[in-house]
Amino acid sequence: QTPPIPPAPPVPQTKNSLVFIMSILLIVTVAITVLFYFQIQKLSKKLSKYQIQASPTPIATTDPTANWKTYTISTEPTLKLANYQIKLPPTWIQTEHSSNFQDTETFQDTNTNFTYQVIIHQEKNINPQTSKPYTTLKELTGFPYDVTSLIVDNESAAQVLPRAGSESNYKILFFSKNNELTFSIELDTPHDGSKTQEGGILFIQILSTFKFIEASPSASPTATPVSLQ
């Protein structure tokens, strides 16, 4: 007698369920990716509308001293002073001149008839109290502090406070190239309260044009080494 065949065991459903779940997750992932892609593209188009802007038009800067007269000082070689040039307003006409270690120039403004005086003093860098060269602007000014808020031909300069009762006087001190000489530049403007601020601006503009120049080897010295160009 043939023994009875036992029934086949049921096929496990775990594997089929796992495949189904993985398929669903894959579909969801692809759908989310596609959705994000289209959202990013849409957002990029909106942002591009705001990013397209006209480039700013450069503002042309004008030099207020461009049409000023160039004032050139070529000193006698025997004095061993520095040669320099400076610009002054075109409406100024020179009325007086004195020169040695100190150049004092007096000008009449043809527009206003005001008188301006430009004083440029230079001397050998020697402290008379110590017989040694000055080494700092603090020593040169004699002030207890330095005020180096100005630059003259790339050199730091110390502002000198106006003399008592002379708010129209502007003066600075600085060293020349290689510190062999000390320099001071002074501007006396009309004693008019309304001209105080204007004089300060004018002084800064004049200082911005000051430059040391090299002596011309072919130029012969003259008794009055001053020329207006």
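This is a predicted model: local features need pLDDT of at least 70, side-chain atom pairs count only at pLDDT 80 or more; totals for chains, interfaces and linings use all residues.
1. Ile-93 lies in strand 3. The C-alpha atoms of Ile-93 and Phe-107 are separated by 5.2 Å, although the two residues are 14 apart along the chain. Phe-107 also takes part in the pairing of the strands, as the bridge partner of Gln-94 in strand 4.

2. The overall inventory of the protein chain is three helices and 11 strands. Read from the N terminus, the elements follow the order α-β-β-β-β-β-α-β-β-β-β-α-β-β. Of the 229 residues in the protein chain, 30% are buried.

3. Seven of the strands form an open sheet, ordered 3-4-5-9-8-7-6, with antiparallel pairing. Strand 3 (92-98) and strand 6 (150-152) stand at the edges; each has a single partner strand, so one side of each lacks a neighbour in the sheet. From one strand to the next, the twist averages 25°. As a general point, strands of a sheet pair through backbone hydrogen bonds, in either a parallel or an antiparallel manner.

4. Strand 4 spans residues 102-109 and is mostly covered, with six of its eight residues buried. Six bridges join strand 4 to strand 3, and the two run antiparallel. Strand 4 also pairs with strand 5 (residues 115-124), again in the antiparallel sense, over seven bridges. Within this second pairing, Thr-106 has Gln-117 in strand 5 as its bridge partner.

5. Which residue takes a positive phi in the hairpin of strand 4 and strand 5? The residue is Asn-113, and the hairpin has five residues between the strands. The phi of Asn-113 is near 65°, a positive value in a residue other than glycine. Asn-113 is placed in the loop between strand 4 and strand 5. It counts as exposed because its relative accessibility is 57%, where the cut-off is over 50%.

6. Asn-154 is placed in the loop between strand 6 and strand 7. Its phi is near 65°, which is likewise a positive value in a residue other than glycine. At 69% relative accessibility, Asn-154 counts as exposed. The flanking strands, strand 6 and strand 7 (residues 155-160), pair in the antiparallel sense over three bridges. In that pairing, Leu-150 stands opposite Ala-157 in strand 7.

7. Is Glu-186 buried or exposed? Glu-186 counts as buried, because its relative accessibility is 8% and the limit for buried residues is under 20%. Glu-186 is found in strand 9, which covers residues 181-188. The side chain of Glu-186 makes a polar contact with the side chain of Asn-169, at 2.6 Å.

8. The last point concerns the surface. A nonpolar patch is formed there by Leu-18, Phe-20, Ile-21, Met-22, Ile-24, Leu-25, Ile-27, Val-28, Ile-32, Phe-36 and Ile-40, which together have about 1100 Å² of accessible area. Phe-20, one of these residues, lies in helix 1 (residues 14-51). With a relative accessibility of 56%, Phe-20 counts as exposed.

Technical notes. Residues are numbered from 1 along each chain as its sequence is written. Side-chain values use heavy atoms; hydrogens and water are left out. Helices (H or I, at least four residues) and strands (E, at least two) are DSSP runs, numbered from the N terminus. Buried means under 20% relative accessible area, exposed over 50%, partly exposed in between (1.4 Å probe, protein chains only). A polar contact is a pair of N or O atoms within 3.5 Å; within protein, one must be able to donate a hydrogen and the other to accept it, and residues adjacent in sequence count only if both atoms are side-chain atoms. Patches are made of residues with over 30% relative accessible area and no salt bridge: like charges are joined within 9 Å, nonpolar side chains (Val, Leu, Ile, Met, Phe, Trp, Tyr) within 5 Å. Accessible areas come from the Shrake-Rupley method with a 1.4 Å probe; for residues, only the protein chains shown count as cover. A salt bridge is a side-chain nitrogen of Lys or Arg within 4 Å of a carboxyl oxygen of Asp or Glu. Two strands pair if DSSP finds at least two bridges between them. Axes are lines fitted to C-alpha atoms, for helices over the stretch in contact, and angles run from 0 to 180 degrees between N-to-C directions.
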